[in-house]
Amino acid sequence: MLYYLFDYLHREFGLTGAGVFQYITFRSALAIIVSLGLSTIFGKRVINFLRSQQVGETVRELGLEGQKEKAGTPTMGGLIIIGATLIPVLLFAKLNNIYVILLIVTTLWMGTIGFIDDYIKIFKKDKQGLKGIFKVVGQVGLGLIVGTVLYFHPGVTVRDETGTNYRYENGTRIEIQPVAQYEKSTATTIPFVKNNEFDYAELISFMGDDYRDWAWLIFIPVVIFIVTAISNGANLTDGIDGLAAGTSAISVVALGIFTFVSGNVIFSSYLNIMYIPNSGEMTIFIAAFVGALIGFLWYNSYPATVFMGDTGSLTIGGVIAVLAIAVRKELLVPLLCGIFIVENFSVVLQVSYFKYTKKRFGEGRRIFLMSPLHHHYQKKGYHESKIVTRFWVVGILLAILSIVTLKLR
């Protein structure tokens, strides 16, 4: 909203300094400052309200050290993250940008699913919360919306440079500027590969000359899978104080770098990466989201005075997935979001192996002392703070490796 106000003042009245709102970097800086202030200053009020409404965590007995002390700690703290993200976005972002609209929808959509899940757990006294099938339906629904919009919306294009970039005249090679076209594309980026663009449409090239018209048959299911997997991974990672918020902030910062360079024609040309027009506006959302996560950590670090609940964890996973897909870095997710993937995989592996051994040997056996993986280390006697810090270190390493893919091919 402020963006449009200052843009109007700049155009109509030539107000000194108003033109600075045209710059993404300036608005991103404002967004992170405001979101950080909102989450830290007003976060305490939200926590006190949740405590007054007796919105406390019900902790299952898992035999973990310090677990009983967490019972009654306010949950649904994801409301702090959502509010501290959306307010700066509404103030400083271009609200007619399709990428910003998608991220706002994602935040509200996944936040609503998580809120319903937390509400059932707390007020209906049902520890299982929202049934898994309804969570999956919600995740698939969001993936369907995101995939459909990214494929069919006319504002979602990529820059395709065609033609040779030189010609010969009297035996002399003369450099010329390639012809740039903006077109619909289902291309994505393959990390660590020199010619690193891959088009999902190529998977159905056997369908004939018009196979590209049917690329959505591949693209949309891929989007649905990624949204579902990453949101579940973030949900499973939210098990000990500060783990999900910290690792998520690290991943989102890396995605912010990808978003900024992919949405800037100069940087994208220099780095020889895909230029995605208008995608740079997502940097404002990312800045606000990072500020909200860091501010939330003020209260969620050990010992936590509030938990994000599924309201926060499902929202975080959904936002990260949509960001990665929008900036065409979804194939980098296994590296960038390695913590989420490993946490998710540890549960799948544990359950599958237990069922297999129970059928094969008559008794279920386990690979880990407990899953998700962070509980395995708790069972081994590591303190929560040490586990979280080491997971953060791993997350930073994965983020650096992901950023390095911009040049290392």
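Asn278 is partly exposed, with a relative accessible area of 49%, where partly exposed is the range between buried (under 20% relative accessible area) and exposed (over 50%), using a 1.4 Å probe and protein chains only. The phi angle of Asn278 is near 70 degrees, a positive value in a residue other than glycine. Asn278 sits in the loop between helix 8 (265–271) and helix 9; helices here are DSSP runs of H or I with at least four residues, strands are runs of E with at least two, and both are numbered from the N terminus.

This is a predicted model, so local features need pLDDT of at least 70 and side-chain atom pairs count only at pLDDT 80 or more, while totals for chains, interfaces and linings use all residues. Residues are numbered from 1 along each chain as its sequence is written, and side-chain values use heavy atoms, with hydrogens and water left out.

**Backbone features**

Phe192 also has a positive phi, near 65 degrees, in a residue other than glycine. Phe192 lies in the loop between strand 5 (187–189) and strand 6 (197–199) and is partly exposed at 42% relative accessible area. For context, most residues other than glycine have a negative phi, and most peptide bonds are trans.

**Aromatic rings**

Rings of Phe, Tyr and Trp (its six-membered ring) pair if their centres lie within 6.5 Å; planes under 30 degrees apart count as stacked, over 60 as edge-to-face, and the rest as tilted. By this rule there are 15 aromatic pairs. One of them is tilted and joins Tyr151 with Phe219, at 6.4 Å centre to centre and 35 degrees between the planes. This pair links distant parts of the chain, with Tyr151 in helix 5 (residues 132–152) and Phe219 in helix 6 (residues 216–237), 68 residues apart. Both Tyr151 and Phe219 are buried.

Why does the pair of Trp214 and Trp216 count as tilted? The ring centres of Trp214 and Trp216 are 6.3 Å apart and the planes are at 35 degrees, so the pair is tilted. Trp214 is partly exposed at 37% relative accessibility, and Trp216 is partly exposed at 28% relative accessible area.

Ring pairs also link Tyr151, Phe152, Phe198, Tyr200 and Phe219 into a cluster.

**Charges over rings**

A charge sits over a ring if NZ of Lys or CZ of Arg is within 6 Å of the ring centre and within 35 degrees of the ring normal. The charged end of Arg365 sits over the ring of Phe361, 4.1 Å from its centre. Lys407 lies over the face of Tyr270, 5.2 Å from the ring centre.

**The whole chain**

The protein chain has 14 helices and six strands. Its radius of gyration is 23 Å, close to the 22 Å that the globule rule gives for 409 residues, so the chain is as compact as a globular protein of that length; the radius is taken over C-alpha atoms, and the rule is 2.2 Å times the number of residues to the power 0.38. The C-alpha trace spans about 80 × 65 × 35 Å along its principal axes. Of the 409 residues, 48% count as buried.
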